[in-house]
Amino acid sequence: MSGLVDQAEAPDPLAAMAKARSNAFKDGLAPDTGKPGFAVYLHWPFCAAKCPYCDFNSHVRHEGIDQQAYIDAFRAEIAAMRKLSGPQVVTSIFFGGGTPSLMHPETVAAILDAVHETWVVPEGIEITLEANPSSVEAGRFRGYRAAGVNRVSMGVQALNDRDLKRLGRLHDRAEALRAIGLARDIFPRMSFDLIYARPDQTPHAWEAELKEAISLAADHLSLYQLTIEEGTPFYGLHKAGKLIVPDGDLSAELYELTQSVCEAHGLPAYEVSNHARPGAESRHNLTYWRYGDYAGIGPGAHGRLTTSAGKIATATERTPETWLTSVADRGHGMSESEVLGTSEQADELLLMGLRLREGVDLGRWQALSGHRLDAERVEFLIDHGMIETMGKDRIRCTPQGMLVLDAVVADLAT
């Protein structure tokens with residue numbers, strides 16, 4: 001990979017921008033202005049056990065983790081990312097994994113301190129930490145809150161013990177409910193995930209479970225269809241005919257049911273799998289979907305940064321120990337740093353933006369791609385109910401188009 005690109009320092013201070021960022025969401029979600037902000041993603045790669053459906057970069061280490069060694073390495077890689085990004089005002093911070101709720105609160109605090117020391121972090125921005133109910137206890141949650149975390153995202157995945165066991169989860173329903181209650185009491189904002197289109201799941205059963213989830217949720221739910229990913233235990237079981245998941249028609253029915261029930265209960269979809277009360281959308285994930293910049297830090301993290309060399313895609317070493325060694329030797333764990341051409345950026349903007357209910361800014365897409373979308377393809381997709389225009393400047397997928405999102409994106413991007 002090429003050497004790190006050192007940005008010229010922008011005029012300091014960035015106080016006006018920081019103040020604007022801290023006030024941006026006080027009255028609800030800010031509109032898409034084409035400037036989605038700068039996010040920081042911090043990947044904690046360790047889990048207590050590997051779930052059979054998961055293809056994320058997560059690792060089990062029964063011998064324990066030297067958290068101080070990882071604090072030191074995170075500090076070093078944060079400094080390396082600062083050389084790439086230049087001075088920035090951070091708009092959100094996200095601890096993902098893996099299972100970040102296995103981190104000591106002191107580890108979270110130390111890493112957040114490093115981010116504050118490196119970039120401008122306005123007061124009150126969204127700081128999210130992912131948590132699993134089995135690794136939750138009140139003291140740890142209060143420690144995260146004291147460190148600055150103001151939003152937690154819980155990996156609940158199901159609300160009945162049978163399906164939790166099938167999904168390989170270490171918690172049961174009682175633990176999930178307790179963790180949700182703790183999160184609601186301690187954090188200003190809380191979300192949790194559920195997986196649906198599970199084996200033997202019926203629309204009636206999913207509707208009842210979803211309504212219970214809505215009654216428990218504060219203001220946000222992430223609802224994902226079970227996908228069978230190559231390289232996971234579920235993939236082998238599915239291929240052998242030992243794991244039967246809903247077919248295409250039933251999956252579509254479950255998806256449509258999800259949309260209608262959430263909409264009726266005040267949590268409309270703002271992205272294909274994410275639902276929120278207006279104003280409670282995930283600021284961090286919106287940075288991705290609106291194609292903003294983000295620093296990806298930690299083992300297996302990915303990033304997008306605008307540098308003096310252009311917009312670059314970064315990726316770090318996936319194996320924690322390899323990442324640690326790389327940071328010790330080179331000051332960072334990056335294994336990839338690729339300059340993206342404008343056509344590649346335009347494709348990514350389209351891919352991410354069409355996931356959103358607000359759709360894509362065509363002016364921004366045209367500025368990157370250098371041309372307009374093919375009028376005949378657009379007309380064809382409109383006629384078949386897959387996309388729709390929003391005034392002169394935006395397009396978005398219809399609910400029907402969301403069911404075949406990948407095909408719609410591929411057709412438009414060709």
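Residues are numbered from 1 along each chain as its sequence is written. Because the model is predicted, local features need pLDDT of at least 70 and side-chain atom pairs count only at pLDDT 80 or more, while totals for chains, interfaces and linings use all residues; side-chain values use heavy atoms, with hydrogens and water left out.

**Domains**

Begin by colouring residues 32-287 as domain 1 and residues 342-413 as domain 2; such bounds come from an automatic or database domain assignment. The C-alpha centres of domain 1 and domain 2 are 28 Å apart. To their contact, domain 1 contributes 13 residues and domain 2 contributes 10 residues, where contact means heavy atoms within 4.5 Å.

**Nonpolar cores**

Next, select Ile 93 and Phe 141, the residues with the most contacts inside the largest nonpolar core, which has 91 residues. A nonpolar core is a set of buried Ala, Val, Leu, Ile, Met, Phe, Trp, Tyr and Cys residues joined through side-chain atoms within 4.5 Å. Buried means under 20% relative accessible area, exposed over 50%, and partly exposed in between, with a 1.4 Å probe and protein chains only. At least three residues of this core come from each of domain 1 and domain 2. Apart from it lies another core, of 12 residues, including Ala 280, Tyr 288, Ala 301 and Leu 356. In soluble globular proteins, nonpolar side chains tend to be buried together.

Centre the view on Phe 141 and show its surroundings. Neighbours within four places in sequence aside, Phe 141 is in contact with Ala 131, Val 136, Val 152, Met 154, Ala 179, Leu 182, Ala 183, Ile 186 and Phe 187.

**Helix pairs**

Select helix 4 (residues 138-147) and helix 6 (residues 173-186), whose axes come within 10 Å and cross at roughly 35°. Helices (H or I, at least four residues) and strands (E, at least two) are DSSP runs, numbered from the N terminus. Axes are lines fitted to C-alpha atoms, for helices over the stretch in contact, and angles run from 0 to 180 degrees between N-to-C directions. The crossing of helix 4 and helix 6 is right-handed, a term used if the near helix is turned clockwise from the far one by less than a right angle. Ala 138, Phe 141, Arg 142 and Arg 145 of helix 4 make the contact with Arg 178, Ala 179, Leu 182, Ala 183 and Ile 186 of helix 6.

Move to helix 2 (residues 67-85) and helix 3 (residues 105-118), which pack at about 20° with axes 10 Å apart. Helix 2 and helix 3 are therefore roughly parallel, the term for angles under 35 degrees. Their crossing is right-handed. On the helix 2 side, show Gln 67, Ile 71, Phe 74, Arg 75, Ile 78 and Arg 82; among the residues they meet in helix 3 are Ala 110, Ile 111 and Ala 114.

**Backbone geometry**

Most residues other than glycine have a negative phi, and most peptide bonds are trans. Gln 157, in strand 4 (residues 151-157), has a positive phi of about 80° and counts as buried at 9% relative accessibility.

Finally, select Pro 320 in helix 11 (residues 320-330). Pro 320 counts as buried, at 0% relative accessibility. Besides Tyr 70, Pro 320 touches Pro 45, Phe 46, His 59, Arg 61 and Pro 299, not counting residues up to four places away in sequence.

Met 334, in strand 12 (residues 334-339), is buried at 1% relative accessibility. A distance of 9.5 Å separates its C-alpha atom from that of Ala 80, 254 residues away along the chain.

Notes: Angles under 35 degrees count as roughly parallel, over 145 as roughly antiparallel, 65 to 115 as roughly perpendicular and the rest as oblique.
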